There are 2 protein chains.
Amino acid sequence: MSKIAVLGTGDVGNTIGSKLVELGHSVIMGSRTGSNENTLSFVAKHSGKASAGTFAYAAANGEIIFNCTKGFYSLDALKMAGEENLKDKIIVDLSNPIDVSKGIPPSLSVCNTDSLGEQIQRTFPSAKVVKTLNTVWCGLMVNPALVNRGDHTIFVSGNDKNAKERVKEILESFGWDEENIVDLGDITTARGTEMYLALWLRIMGSMKTGSFNVKIVR
Amino acid sequence: MSKIAVLGTGDVGNTIGSKLVELGHSVIMGSRTGSNENTLSFVAKHSGKASAGTFAYAAANGEIIFNCTKGFYSLDALKMAGEENLKDKIIVDLSNPIDVSKGIPPSLSVCNTDSLGEQIQRTFPSAKVVKTLNTVWCGLMVNPALVNRGDHTIFVSGNDKNAKERVKEILESFGWDEENIVDLGDITTARGTEMYLALWLRIMGSMKTGSFNVKIVR
């Protein structure tokens, strides 16, 4: 079991944090103030198995870092976490660079020739950024069995092979079948999964639910 | 059976044109010169069931227009086809705005807040643009049974409901199950399917084949 920092206290952070606690990990939830309402209720709910603090406190105490902050805020949040506290650590990056400033459905603040995953990797070169889970609604992230008996696809992008192996183990502990975890390659492939958001949003609009995913068939 | 113009004489145009001939349609293949090598061999192969000419000739004689040109060339090709020849007609747009000028894998020449499908619709406002089939390799477009017994998803985007219904009929004649044809909404949803190319290319790189597709599961 690991000490895992979960940065971000919204639906994604709460969902991931709760699952990690359930799996026996020690979770340190990080936020700007370290004491917002979501954080306090998370710690109360998981009394003795979770703690909380600032982004920097959480990152310093976590062996693995889950970035569950909103994409427009992720670089700032990780800078507050601090380069020293992220050094050589795995950053599991679940964020999407959603930009709602130009209306709904949102566009992306970075895409096509760059991605948020790459920006994070460039900003923290010693960290091992692994982009994953950003293609599904958070309920599915930790409970793939909710649709199609768990038989659907999740992607992994990152430069470090060992980091990706460790993240795949965590994904398997979440319920993802090994054969459904597709390694797309280095962190530049995060462009693909982040840009898929544009399609995901429209499929959600058509299906009237976020509880769906794609399965690669061949 | 319809008179169908197929603009573009590459793999996509040839594959679509051949399938339409097989289904009994009268195909007019259009290209810049009207007489390139691919065109001549297509007409020879489908003697009596296919004809060929310039983009303008094909568009003038087609009741439905398939845009099978490469995305960087589509607007020019359709302008050569001529607004009068496209007036009030369905343009089935299969193109992707692939830009290889910045290296491989390619990026998109338009995305995020606009799409090639929308550009075509704006350029030819009386035409009924229906974006579809651009998310799969051309072999699968006309033969979905090649993977997963034909059980996988194809998307349709467009502003005109009747035009989308007509295109869905054509897709069903290609072998797509009605339940696997997902109507995403108006032509702005083409952003989603065009941006999916970034993910498609990386999945292809990982799978080492273009003969795959996604199936939406829920």
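A: Let's start with a term: a residue is buried when under 20% of its relative accessible area remains, and exposed when that figure is over 50%. Keep in mind that this is a predicted model.

Q: Okay, which residues of helix α4 in chain B are buried?

A: Here's the general idea: an α-helix has 3.6 residues a turn, so residues three or four places apart point the same way. In α4 of chain B, residues 71–81, the buried ones are B:G71, B:S74, B:L75, B:A77, B:L78 and B:A81. They span an arc of only 170 degrees around the axis, so they sit on the same side of α4(B).

Q: What covers those buried residues of α4(B)?

A: The cover includes β1 (3–7), β4 (64–67) and β5 (90–93), along with α3 (55–61), α5 (83–86) and α6 (116–123), in chain B. On the face turned away from the buried side you'll find the exposed residues B:F72 and B:K79.

Q: How do the axes of α4 and α6 of chain A cross?

A: Two packed helices are described by the angle between their axes and the distance between the axes. Here, the axes of α4 (71–81) and α6 (116–123) of chain A come within 11 Å and cross at roughly 10 degrees. That angle is why α4(A) and α6(A) count as roughly parallel to each other. A:G71, A:S74, A:L75, A:L78 and A:K79 of α4(A) make the contact with A:L116, A:Q119, A:I120 and A:T123 of α6(A). By type, these residues are 4 nonpolar, 4 polar and 1 charged.

Q: And what rotation superposes chain B on chain A?

A: Two copies of a chain are related by a rotation about an axis and a shift along it. For chain B on chain A, the rotation is 180 degrees and the shift 0.0 Å, with an RMSD of 0.0 Å. The two copies are therefore related as by a two-fold rotation axis. Both use the same surface: 100% of chain B's contact residues recur in chain A.

Key: Residues numbered from 1 in each chain as written. Chains lettered and ligands numbered in written order. Predicted model: local features only at pLDDT ≥ 70, side-chain atom pairs only at ≥ 80, totals over all residues. Heavy atoms only, no water. Least-squares fit on C-alpha atoms with pLDDT ≥ 70 in both. Contact = heavy atoms within 4.5 Å. Buried < 20%, exposed > 50% of the residue type's maximum accessible area, 1.4 Å probe, protein only. Helix = DSSP H or I, 4+ residues; strand = E, 2+ residues; numbered from the N terminus. Arc of directions from axis to C-beta. Axes fitted to C-alpha atoms, helices over the stretch in contact; angles between N-to-C directions. Parallel < 35°, antiparallel > 145°, perpendicular 65-115°, else oblique. Nonpolar A, V, L, I, M, F, W, Y, C, P; charged D, E, K, R; others polar.
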